[in-house]
Amino acid sequence: MSEQSLYHQLVHSELQEWKTQMRKKPSFWNKTTKKVQKKINNIIPEKVHRAITRAIKEITRGVIFGSGFTTKKRREVPSLEEIESKVKERINFYSSSAAVEGAATGFGGFLLSMADFPLWLTLKMKMLFEIASRYGYDTRDYKERVYILYIFQLTFSSQQHRNMIFEKMENWTITKDELPDDLHAFDWRTFQLEYRDYIDLAKLLQLIPGVGAIAGAFVNHKLTNKLGKTAMNAYRMRHDRFKEIKLLAG
């Protein structure tokens, strides 16, 4: 058996394990935490929710439509193993960069910690665009940018919302045909609520004097790395599906 075949077997095994994790039903703890977060969100005034949603929407749209993110050319590489070797290098690079940024903003106190959000978001989105390009997807395609948003949600969401997003991604050939033509129609409210609920507790540690820099570095590194691994499996899933289609056609 060739090394390439062995690598494909390893990837397929890891992918199946990841899919099982994505399909898991919310645990009692997941449900309880979500209920608490929902109650907290209900206390927050509606105008605050609208302001936060608008800010996250504009920052995210600005990042994913930036010229530096949408002009990468499709990369052609000879094997999945080579693709993933480069992807892992880039995940390590962005995770380390995010850690440095998190430490710097955490050390600077409350005001600089507030600046962490757009800076860290930009790093994460840039990483996702580069990973997509490495796997051979053209990020100038609007639907590929939506897929990137789905990867982001898959990483930073409750298990219940993750189940719903994963189903859309698993049936991407159908989902992409049903997408609206305007990204304004994207559910930004849910996007920002799930993201905030997921990272709030971890990021609050960044505001604590004396430990903010350490917490910022650790959280940014860990979550950026998690996002990168999620992206790898999300694109592996499409690669795996393409192989199945080719085998059936053959």
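I call a residue buried when its relative accessible area is under 20%, exposed when it is over 50%, and partly exposed in between (1.4 Å probe, protein chains only). By that rule, 45% of the 250 residues in the protein are buried.

**Source.** The model is predicted, so I note its limits: local features need pLDDT of at least 70, side-chain atom pairs count only at pLDDT 80 or more, and totals for chains, interfaces and linings use all residues. Residues are numbered from 1 along each chain as its sequence is written, and side-chain values use heavy atoms, with hydrogens and water left out.

**Overall.** I looked up the secondary structure and found eleven helices and zero strands. Helices (H or I, at least four residues) and strands (E, at least two) are DSSP runs, numbered from the N terminus. I then looked up contacts, meaning heavy atoms within 4.5 Å. Among those between residues at least 6 apart in sequence, 83% join residues at least 24 apart. I noted an accessible surface of about 13600 Å², 60% of which belongs to carbon and sulfur atoms; the method is Shrake-Rupley with a 1.4 Å probe.

**Helix α7.** I checked the length of α7: at 1.5 Å a residue, its 14 residues should span 20 Å, and the end C-alpha atoms are 20 Å apart, which agrees. The expected span is 1.5 Å times one less than the number of residues. I found 13 of the 14 residues of α7 buried. At its N-terminal end, Asp141 is the cap, with a side-chain oxygen 2.9 Å from the backbone nitrogen of Lys143.

**Aromatic rings.** I searched the whole structure and got nine aromatic pairs. Rings of Phe, Tyr and Trp (its six-membered ring) pair if their centres lie within 6.5 Å; planes under 30 degrees apart count as stacked, over 60 as edge-to-face and the rest as tilted. One of the pairs is Tyr147 with Tyr235, which is tilted, at 5.4 Å centre to centre and 50° between the planes. Tyr147 lies in helix α7 (residues 142-155) and Tyr235 in helix α11 (residues 212-249), so this pair ties together parts 88 residues apart in sequence. Tyr147 has 0% relative accessibility and counts as buried; Tyr235, at 0%, counts as buried too. I also found one aromatic cluster formed by Tyr135, Tyr137, Tyr147, Tyr150, Trp172 and Tyr235.

**Charges over rings.** I looked for NZ of Lys or CZ of Arg within 6 Å of a ring centre and within 35 degrees of the ring normal. Arg238 lies over the face of Tyr147, 4.5 Å from the ring centre. The charged end of Lys124 sits over the ring of Phe156, 4.8 Å from its centre.

Notes
Polar contact = N/O pair within 3.5 Å; in protein donor to acceptor, adjacent residues only side chain to side chain.
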